[in-house]
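Me: I would like to go through this structure term by term. For each label, please give the cut-off and then the value that meets it.

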Amino acid sequence: MFSPETVMCSNSSGSLCQQLLLFILWLSSFQDVASLQTLINSSHMSSTSELANPPSTGLFEPIEISPAVLPHNPYPGESLPPMYPTFPKTYEPNLTGRCPVNFSAMSNIMGKTASDCSLPLAPLVGNVICCPQLGSLLHIFQGYYSMNSDKLVLRNAVANDCFSDIISILASKGANSTIPTLCSVKSANLTGGSCPVNDVNTFEKTVNTSNLLEACSTVDPLKECCRKVCLPAIMEAALQISGTQMMLNENKNVIGETNHIDAINDCKGVVYSYLSRKLSPDVANTAFRILSACKVNKVCPLEFNQPSEVIKACRNVAAPSPSCCSSLNTYIAGIQKQMLITNKQAIICATMFGSILRKGGVMTNVYELCDVDLKDFSIQGRDAY
């Protein structure tokens, strides 16, 4: 008995018959696959914990992620892990209403300062990050305030109100409210203090402003700390407007006179105010932060108590000693909790502490014996203990 396919094949060419058979086989297999896919889909249970389906609009279109699939803290009763994203609570600040400044025009620099002085981190990064940024903000605010007048400083009453508003705004954005004490700043920083020059006209008549702006418009972060350009220009301008330069030219002795030293420091603030008036906020902030970095890297900000236990345990040690290294590590673990410091500061701190140990009679290189590194002098080295 012949099937229809056999009859058809006997009446047509071989190639046509082969193509028809292949088509029939392909159609049969497609139906089997379709039936299997339908069976799988009907038996598959959906779940809210599954990954989102790929986008149907195209392979390279962005995938939309619902907030429901963002990670949640699996242990609500415990503190969040260090790298878990957290955001400080913000609120509307309670302002005095007596500071005639549009603070919204300074929102960028205010937000950066609040971030650098955030509530939990300010005590740890105050010396390195927070206080330099807060000082820069006050200089920029002083220059911004003077834009609509010929004054480079604020009157005492206005300075008190504006300073209070600045701290309130920063706190409302998540900054630590104790930063005035932490950074030793106050409203008097905005007034010019005892500087005899506080207006633009007198300043520009006294100072070579072209040289000042040329030196500080672009501050090189690598060269400024070694071959200073902007800082000497600021110092020269401060000496000129304080009247000290004139006294030096007349060979009068001003060294050690407190009033003149205070006047020079106050006049440096006036120079910063003039620069802030002439430069954009971003350029001024970058320049001031670089100058601050050069300053903070010159000293060790850590406080060293007398290391009597370390001296006692390490005085006569010539080889690795468990008691010496334990005492040394315990002491360093205490000082490293004080604050975050830079690598350059760590070098100075390590040198200072080594000098203290030598004065106590420890002549061996205990850093090498006990495997003490520069990072151990700052909070970033805490995991080593």
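Reply: Two notes on the source come before the questions. This is a predicted model, in which local features need pLDDT of at least 70 and side-chain atom pairs count only at pLDDT 80 or more, while totals for chains, interfaces and linings use all residues. Residues are numbered from 1 along each chain as its sequence is written, and side-chain values use heavy atoms, with hydrogens and water left out.

Me: What makes Cys 99 and Cys 162 a disulfide?

Reply: A disulfide here is a pair of cysteine sulfur atoms within 2.5 Å. The sulfur atoms of Cys 99 and Cys 162 are 2.0 Å apart, and the pair is therefore counted as a disulfide. Cys 99 sits in the loop between α2 (14-43) and α3, and Cys 162 in helix α5, so the pair links distant parts of the chain, 63 residues apart. Helices are DSSP runs of H or I with at least four residues, and strands are runs of E with at least two, numbered from the N terminus.

Me: Why is the disulfide of Cys 99 and Cys 162 called right-handed?

Reply: The torsion about its S-S bond is about 100°, so the disulfide is right-handed. Both Cys 99 and Cys 162 are buried, where buried means under 20% relative accessible area, exposed over 50%, and partly exposed in between (1.4 Å probe, protein chains only).

Me: How many disulfides does the rule give?

Reply: The count comes to nine. Among them is the pair Cys 216 and Cys 230, with S to S 2.1 Å. Its S-S torsion is about 105°, so this disulfide is right-handed. Cys 216 lies in helix α8 (residues 209-216) and Cys 230 in helix α9 (residues 230-242), so the bond ties together parts 14 residues apart in sequence. Both Cys 216 and Cys 230 are buried.

Me: What is the S to S distance for Cys 314 and Cys 324, and where do the two residues lie?

Reply: The distance is 2.0 Å, and a disulfide joins them. The torsion about the bond is about 105°, so the disulfide of Cys 314 and Cys 324 is right-handed. Cys 314 is in helix α13 (residues 308-314) and Cys 324 in helix α14 (residues 322-335), 10 residues apart. Cys 314 and Cys 324 are both buried.

Me: How do you know that the buried residues of α3 lie on the same side?

Reply: The buried residues of helix α3 (residues 107-116) are Ile 109, Met 110, Thr 113, Ala 114 and Asp 116. They cover an arc of only 165° around the axis, which puts them on the same side of α3; the arc is that of the directions from the helix axis to the C-beta atoms. The face turned away from the buried side carries the exposed residues Asn 108 and Ser 115. What covers the buried residues of α3 includes α4 (122-145), α5 (156-172) and α12 (281-296).

Me: What makes the length of α5 agree with that of a helix?

Reply: The expected span is 1.5 Å times one less than the number of residues. For the 17 residues of α5 this should be 24 Å, and its end C-alpha atoms are 24 Å apart, which agrees.

Me: Why is α5 called mostly covered?

Reply: Of its 17 residues, 12 are buried. The cover over these buried residues includes α3, α4 and α6 (179-183).

Me: How do you know that Asp 165 has no salt bridge?

Reply: A salt bridge needs a side-chain nitrogen of Lys or Arg within 4 Å of a carboxyl oxygen of Asp or Glu. For Asp 165, which is buried, the nearest side chain of opposite charge is Arg 98, 7.4 Å away, and there is therefore no salt bridge. Lys and Arg count as positive and Asp and Glu as negative; His and the chain ends are not counted. Leaving aside neighbours within four places in sequence, Asp 165 is in contact (heavy atoms within 4.5 Å) with Leu 95, Thr 96, Gly 97, Cys 99 and Phe 103.
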